[in-house]
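Here's a quick briefing on how some pieces of this fold sit together. Have a look at the model first, then read on.

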Amino acid sequence: MKKVVRMGLIVTLASSMFLSACSNNEKAGGDEGASNEQNEQSGQNGQSEQTDNSTGKKMTYQEWEDSWESSPYPDLLPAPWDNAKKFTEEYTFRRTPDNVERNFDGKVYTEGWPITKEKIKLKVLARQDPMMLDIKDNYVFKKLEERTNIEIDWTLVPTEQFQQKMNVILASGDLPDIIFGGSLTKSEEMRYGVKEELLLPINDLIDKYGTWIKHTFEVRPEVKQSITTPTGNIYSIPAVYNNYHVSMGMKGWINKTWLDKLNLQVPTTVEEYYEVLKAFKTQDPNGNGKPDELPLVGSPGVWFGNITGFFMNPFIYNGDPDHMIAENGKLKYAPIQDGYKEGLKWLNKLYADKLFDSSVFTMNGEQLQQLGDASEQIVGSYPGGYYGVALGNFLTNPRSDDYVPLPPLKGPSGAVNGFYNPYMYANGLFAITKANKHPEASLRWADQFYMVEMASMVWRGRLGIDWEYAEPGMKNLFGDAQGVYVTKEDSVGSKPNNVFIHPIAPPYSVPLKEISAQNAAVGVGGSAYEANMTKWTKELYEGHQIKEPIPVDMYSEVADADEYAQLSTVIQEYVRESTTKFIMGKWNLDKDWDNYVEQLKKMKVDRLVELKQKQYDVFLNVK
């Protein structure tokens with residue numbers, strides 16, 4: 001059964017750390033105002049290998065870093081995250097002792113902690129997420145204040161009010177030093193950064209102080225591409241999400257119990273799928289003697305639940321929200337291509353044969369789950385990012401066992417176009433305003449969230465409380481190697497608390513594809529849901545991804561932003577309405593297609609593509 005234990009799948013992060021010494025910088029030892037007793041309280045002592053700390057022997061910063069206890073599984077992780085340290089709280093929140101030599105550039109220490117010689121205070125405007133009980137009393141942020149010498153003066157705004165409140169504050173001129181967890185949009189960065197210059201460009205700060213942000217750019221260059229504006233400047237940093245099965249999240253689901261009863265195989269082509277739907281319609285697979293089966297259902301209100309996504313892809317790729325296709329760096333508009341027309345013909349045939357009805361265009365998520373949970377099982381198949389889109393309480397719903405994924409279906413031309421989105425970020429989670437008197441310290445404060453041990457704390461919580469290293473012999477996700485660690489029941493992310501900071505922090509972690517293949521512990525305390533989703537993605541979707549995915553969100557020039565938004569809104573609505581009419585037979589594809597394309601031309605679809613191309617060119621040309 002696809003039943004998920006709350007103790008979710010967990011993966012470890014690891015890396016070696018280095019900082020180049022700046023030869024002209026002042027050599028300084030630790031925080032002059034911190035005693036050994038204070039250092040012990042802040043947690044850098046207490047591990048068996050730190051003998052040089054107790055003797056006071058002078059150490060280089062790298063020698064001190066190297067002295068920490070290794071992870072139980074240092075060699076299981078892919079480079080450059082191998083040679084991991086053990087992610088104890090002492091290590092995660094370590095302060096650098098006085099006997100360790102560090103570089104100080106006159107403003108901040110460029111390595112180690114604390115960040116500043118004297119304590120400073122920063123005014124931070126932040127989103128108050130409901131999973132975080134009281135950010136001012138949050139365990140992680142209190143530990144970071146001790147560690148960094150930076151006190152945070154929080155201004156907290158509930159999530160649903162944040163964008164409006166942020167706009168009011170920025171317009172008032174009474175600026176915070178930092179905007180944190182605010183999910184600044186691309187248009188807001190262009191407005192407040194490029195046009196109004198209320199946000200500082202942080203390129204130079206990243207180059208000088210962003211050790212782990214730069215490391216992210218090296219491993220994932222598309223992250224830098226995605227946050228660089230057309231002016232070449234960066235105004236914010238994101239959270240970088242790495243979820244293997246989500247990157248290929250446009251999936252279809254089919255009732256395997258019905259297939260078995262009718263002695264049918266999981267279809268792999270559009271022709272086979274059509275025949276299966278007809279069998280579901282006519283052969284009473286639920287066995288109640290009534291013609292109540294719904295061979296295909298869907299909902300535009302759930303994740304990838306629109307039938308013109310997964311079921312259009314066999315004819316032409318339609319996974320981009322703006323319906324764009326990229327070929328060798330050049331964009332085309334999918335809804336005016338011949339492949340889209342052929343896909344509409346096929347969907348019209350399904351509709352005419354009553355294999356689905358018009359509710360697929362208007363149904364919301366709750367209505368879809370009501371169909372899936374009906375007293376008599378009536379749902380045969382549906383599109384969706386996971387099998388639970390059509391099932392209430394899917395983690396414990398016994399019907400979850402009945403549905404298995406459809407592979408990306410092969411179209412009449414032999415094409416198999418699997419969805420792919422490697423650009424998974426939460427935009428704009430950290431930005432510095434022009435009012436900030438300590439931008440160097442602020443950037444170093446943000447950079448620590450990209451460190452692997454902090455990312456582990458942000459996502460997983462505390463070693464020994466929220467998670468443990470896997471026992472020797474506990475296999476990974478695919479059962480082909482040692483697992484790394486597992487979470488405990490009622491772990492940090494399971495309910496609101498004063499430890500969890502993931503909803504607003506901008507962490508970076510090891511790409512989940514590599515973790516899933518090597519390091520995700522499953523079994524006692526494992527997540528069957530994540531295991532199944534990742535296993536199915538690897539078996540059925542890996543290798544079929546489109547070759548040139550387009551980022552969902554890219555920057556428009558300030559002068560183009562309003563025009564692009566207006567054109568996109570009007571054209572997308574016309575395409576949605578027209579697609580529905582073609583599928584339902586209200587418009588005839590042979591007679592009305594040319595008029596439809598001509599109308600889109602009059603609505604300036606070519607200009608829309610031109611503006612989108614400008615965005616894509618900026619993205620591709622970032623170095």
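Two strands count as paired if DSSP finds at least two bridges between them, and the elements themselves are DSSP runs numbered from the N terminus: helices are H or I with at least four residues, strands are E with at least two. This is a predicted model, so a bit of housekeeping: local features need pLDDT of at least 70, side-chain atom pairs count only at pLDDT 80 or more, and totals for chains, interfaces and linings use all residues. Residues are numbered from 1 along each chain as its sequence is written, and side-chain values use heavy atoms, with hydrogens and water left out.

- Three strands make an open sheet in the order 11-8-12, with antiparallel pairing.
- Strand 11 and strand 12 are at the edges with a single partner strand each, so one side of each has no neighbour in the sheet.
- From one strand to the next, the twist averages 30° (axes are lines fitted to C-alpha atoms, for helices over the stretch in contact, and angles run from 0 to 180 degrees between N-to-C directions).
- Strand 8 and strand 12 run antiparallel and are joined by four bridges, with Gly252 standing opposite Leu406 in strand 12.
- Helix 13 packs on this sheet and touches strand 8, strand 11 and strand 12 (contact means heavy atoms within 4.5 Å), its direction making about 40° with that of strand 8.

**Helix 13 and its neighbours**

- Helix 13 covers residues 270-282, and its 13 residues reach 19 Å from first C-alpha to last, close to the 18 Å expected at 1.5 Å a residue (the expected span is 1.5 Å times one less than the number of residues).
- Its buried residues are Val270, Tyr273, Tyr274, Val276, Leu277, Ala279 and Phe280 (buried means under 20% relative accessible area, exposed over 50%, partly exposed in between, with a 1.4 Å probe and protein chains only).
- Those buried residues pack against strand 8 (251-255), helix 12 (256-261), helix 15 (338-352), strand 11 (381-384) and strand 12 (403-406).
- The axes of helix 13 and helix 15 come within 11 Å and cross at roughly 10°, which makes helix 13 roughly parallel to helix 15 (under 35 degrees is roughly parallel, over 145 roughly antiparallel, 65 to 115 roughly perpendicular, the rest oblique).
- On the helix 13 side, Val270, Tyr273, Tyr274 and Leu277 meet Trp346, Lys349 and Leu350 in helix 15.
- Just after helix 13, Asp284 has a positive phi of about 50°.

- An open sheet of five strands runs 5-4-6-13-7, and its pairing is mixed.
- Strand 5 (150-158) and strand 7 (237-240) are the edges; each has a single partner strand, so one side of each is left without a neighbour in the sheet.
- Strand 7 and strand 13 (residues 425-432) run antiparallel and share three bridges, with Ala239 opposite Ala426 in strand 13.
- Helix 5 (residues 139-148) lies across strand 5 and strand 6 (178-180), at about 150° to strand 5.
- Helix 17 (residues 439-447) lies across strand 4 (120-128), strand 5, strand 6, strand 7 and strand 13, at about 155° to strand 13.

**Arg127**

- Arg127 is found in strand 4 and counts as buried at 11% relative accessibility.
- Its side chain makes a 3.3 Å polar contact with that of Thr159 (a pair of N or O atoms within 3.5 Å; within protein, one must be able to donate a hydrogen and the other to accept it, and residues adjacent in sequence count only if both atoms are side-chain atoms).
- The Arg127 side chain also reaches the backbone oxygen of Gly181 at 2.8 Å.
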